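I opened this notebook page to record what I looked up in one protein model. The entries follow the order in which I consulted the structure.

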Amino acid sequence: MYLLPRHACTLSPSTPMSPSSTPLGHFNLVLAANLIDRLHTPSLFLNQLPLLLQTPGSILVLTSPYTWLEDFTPRSEWIGGFTRKTVKNVDGKEVEVEEEVSTIQGLEEKLSNVFELLETKDLPFVIYETRRKFQFTVAQCSIWRRK
């Protein structure tokens, strides 16, 4: 086991919920596990990722079951899990249609200018709630590389 000396660590009051105005630093890897759908303003967190992962080739790993709930995130801030109206050309006519937007689609819209999506994978996991109750969930893991 390797322990870091206390002087080598700095605690910052910044959290994904309330980012600090002071940069956290630059990293080669950021892991955000079961976080994105629990943030009040997930776009704020996503917008900060290019500042944390500045080196081309740096890796971002997001994993979440995408259980968007208004208890955590106002519906207007959801990255996916909703329908939106768009205009499409159907037989030469512009028609307003509703399309479902998945969270991975929303993430691609928000991140693709700076990050390349390398892979997605389903990750099943179990949450122990009580002695007799377990919750089986499948998270989606997406792996991104800084361009």
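**Entry 1. Overall layout.** I noted at the outset that the model is predicted. I counted two helices and six strands in the protein chain. Reading along the sequence, I recorded the pattern β-α-β-β-β-α-β-β. Of the 147 residues, 27% count as buried. I took the accessible surface as about 10300 Å², with 54% of it belonging to carbon and sulfur atoms. I then looked up contacts between residues at least 6 apart in sequence, and 61% of these join residues at least 24 apart.

**Entry 2. The nonpolar core.** I asked which residues have the most contacts inside the largest nonpolar core. They are L49, L60, L107 and L111, in a core of 20 residues. The elements giving two or more residues to this core are β1 (29–33), α1 (42–52), β2 (59–64) and α2 (103–111). The largest contribution, four residues, comes from α1.

**Entry 3. Strand β1.** I examined the two faces of β1. V30 and A32 lie on the covered face, whereas L29, L31 and A33 lie on the uncovered one. For L31, I recorded V61 in β2 as the bridge partner.

**Entry 4. T103.** I located T103 in helix α2.

**Entry 5. The nonpolar surface patch.** I looked up which residues make the nonpolar surface patch of about 560 Å². They are V126, Y128, F134, F136 and V138. Two elements, β5 (115–130) and β6 (133–146), each give two or more residues to the patch. β6 supplies the largest share, with three residues.

I checked V126 individually and placed it in strand β5. V126 has 52% relative accessibility and therefore counts as exposed, given that the cut-off for exposed is over 50%.

Conventions:
Residues are numbered from 1 along each chain as its sequence is written. This is a predicted model: local features need pLDDT of at least 70, side-chain atom pairs count only at pLDDT 80 or more; totals for chains, interfaces and linings use all residues. Side-chain values use heavy atoms; hydrogens and water are left out. A nonpolar core is a set of buried Ala, Val, Leu, Ile, Met, Phe, Trp, Tyr and Cys residues joined through side-chain atoms within 4.5 Å. Buried means under 20% relative accessible area, exposed over 50%, partly exposed in between (1.4 Å probe, protein chains only). Patches are made of residues with over 30% relative accessible area and no salt bridge: like charges are joined within 9 Å, nonpolar side chains (Val, Leu, Ile, Met, Phe, Trp, Tyr) within 5 Å. Accessible areas come from the Shrake-Rupley method with a 1.4 Å probe; for residues, only the protein chains shown count as cover. A salt bridge is a side-chain nitrogen of Lys or Arg within 4 Å of a carboxyl oxygen of Asp or Glu. Two strands pair if DSSP finds at least two bridges between them. Contact means heavy atoms within 4.5 Å.
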